[in-house]
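Thanks for coming. I have one structure to go through today, so please look at the screen.

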Amino acid sequence: MARKPKRDLTVEEQLARGPMDLPFLMLVMILLGIGLIMMFSASYATAYYDSKVADPLYYIKRQAMFAVVGVAVMYVVSKINYQTFRWMSVPALIFSIILLLLVFTPLGRSHNGARRWLYLGVEFQPSEIAKIAVILFFAARLCKRDSRKPLRYKNRTFTGRMLNRLERIGFLELVPYIAVLGTVLLLVLLERHMSGTILVMVGAAAVLFAAGINIWWFIGGGAAVGSLLAFIMLATPYMNARIDLWLDPWGQRQGNGYQTVQSLLAMGSGGLLGLGLGNSKQKMLYLPEPENDFVFPIVVEELGYIGGAVVIILFALLILRGYWLALHARDKFGALTIVGIITLFATQVFLNIAVVTNLIPNTGISLPFFSYGGTALLIQLGEMGMILSISRQIPAPKHD
């Protein structure tokens with residue numbers, strides 16, 4: 001079909017055809033390129049010595065294929081008028097909850113004692129979709145918050161007076177968000193996916209905070225959630241073992257602490273400038289899963305502390321540029337969507353690096369653009385496409 005001349009386009013169509021933010025796009029592509037190189041370097045020994053694979057190119061071929069498809073998805077999503085995501089938010093949320101429920105059916109898959117994967121032709125974690133679905137739903141509702149009229153109840157009854165009091169302190173406004181978030185968190189928690197639970201909460205909290213919800217609700221809610229998580233960790237033998245391991249990995253260096261110890265040795269042996277690209281020793285079957293959650297230690301071992309710092313700086317620049325786009329977004333929905341996605345992305349980067357350096361207990365969080373995982377990479381690039389779509393409609397700066 002022929003492309004319509006610009007003069008025949010509606011205002012909405014013209015806005016959606018604006019230029020995407022090139023600095024943000026370049027940072028995404030640079031990180032994706034470095035991530036593919038480092039994932040290949042970290043994975044080829046594992047793939048070569050794996051009797052089921054026996055192909056050193058196994059992981060990189062699959063990841064590169066998903067990267068190409070992901071970049072195409074990012075471009076297509078960036079061309080969509082982002083107002084479309086607003087009406088898609090409810091179907092996306094319902095769809096993600098259905099997928100989370102399907103994990104507990106025969107379609108679900110278990111790995112390492114946790115049932116959090118779903119097999120529908122390809123294996124993926126529905127929690128990845130739930131994260132962005134919750135962000136879109138919250139952003140779509142909260143962007144209309146300023147036009148919301150306070151609810152009024154009759155003061156002649158005790159119930160009415162109580163409801164009016166709850167309305168004044170903002171509790172009734174939070175009820176639908178608490179219900180939605182509680183449902184998703186319960187399903188993710190039942191999958192024994194603590195890291196997924198934390199990330200869903202972080203994305204939702206970021207959108208609520210940016211929308212102007214009273215800070216006291218975050219203080220009270222944070223204290224309640226923190227107490228609940230602490231109770232779960234202390235009362236669950238699985239989480240208890242992880243905390244003990246975090247406190248003294250060297251005491252279990254031949255057992256459960258082996259991966260953490262090898263991660264620290266990898267980064268320590270890299271020195272300032274590293275051993276050189278492809279020259280890691282720890283990836284030669286010493287460090288488990290170097291292509292997945294523990295790819296960053298290989299980056300530091302081969303590229304040194306300087307190389308690791310450069311990667312962290314690139315992530316920081318991407319995150320800061322994302323927040324800049326949120327500040328300049330055309331409307332509140334666009335701003336809230338970017339804040340949710342970028343905060344989720346930043347948290348994932350921080351938690352992954354914190355885990356491999358043993359700053360926090362192992363949570364099983366991958367490093368965006370670097371860790372092996374095709375569907376996760378597709379979703380991440382799709383999220384970047386949403387941000388680029390919003391960037392297309394940022395008003396041009398005014399000149400005097």
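Glu 289 is partly exposed, with a relative accessible area of 37%. Bear in mind that this is a predicted model. Glu 289 sits in the loop between α11 and α12. Its phi is near 50 degrees, which is a positive value in a residue other than glycine.

Stay with that loop for a moment. Leu 285 also lies between α11 and α12, and Leu 285 has a positive phi of about 70 degrees, although it is not a glycine. Met 284 is in the loop as well, between α11 (258-270) and α12 (295-327). Its relative accessible area is 34%, so Met 284 counts as partly exposed.

Which residues make the nonpolar surface patch? They are Tyr 48, Tyr 49, Met 284, Leu 285 and Tyr 286, and the patch covers about 560 Å².

Next, the charged pairs. Side chains of opposite charge can pair when their charged atoms come close. The count here is five salt bridges, and I will go through some of them.

Glu 302 forms a salt bridge with Lys 283, with the closest N and O atoms 2.8 Å apart. Glu 302 lies in helix α12 and Lys 283 in the loop between α11 and α12, so this pair ties together parts that are 19 residues apart in sequence. Are these two residues buried or exposed? Glu 302 is buried, at 1% relative accessible area, and Lys 283 is buried, at 0%. The cut-off for buried is under 20%.

Another salt bridge joins Lys 131 and Glu 128, at 3.2 Å from N to O. Both residues are in helix α5, three residues apart, which is about one turn of the helix. Lys 131 counts as buried at 4% relative accessibility, and Glu 128 is buried with a relative accessible area of 13%.

The salt bridge between Asp 55 and Lys 61 has its closest N and O atoms 3.0 Å apart. Asp 55 is partly exposed, with a relative accessible area of 23%. Lys 61 is also partly exposed, at 49% relative accessibility.

Last, back to helix α5 and how it packs. Helix α5, residues 126-142, packs with helix α8, residues 194-210, at an angle of about 15 degrees, and their axes are 9 Å apart. Why call α5 roughly parallel to α8? Angles under 35 degrees count as roughly parallel, and that angle therefore makes α5 roughly parallel to α8. The crossing of α5 and α8 is right-handed.

Methods: Residues numbered from 1 in each chain as written. Predicted model: local features only at pLDDT ≥ 70, side-chain atom pairs only at ≥ 80, totals over all residues. Heavy atoms only, no water. Patch = residues over 30% accessible without salt bridge, like charges linked within 9 Å, V, L, I, M, F, W, Y side chains within 5 Å. Areas by Shrake-Rupley, 256 points an atom, 1.4 Å probe, with all protein chains shown as cover. Salt bridge = Lys/Arg side-chain N within 4 Å of Asp/Glu carboxyl O. Helix = DSSP H or I, 4+ residues; strand = E, 2+ residues; numbered from the N terminus. Buried < 20%, exposed > 50% of the residue type's maximum accessible area, 1.4 Å probe, protein only. Axes fitted to C-alpha atoms, helices over the stretch in contact; angles between N-to-C directions. Parallel < 35°, antiparallel > 145°, perpendicular 65-115°, else oblique. Left-handed = near helix turned anticlockwise from the far one by under 90°.
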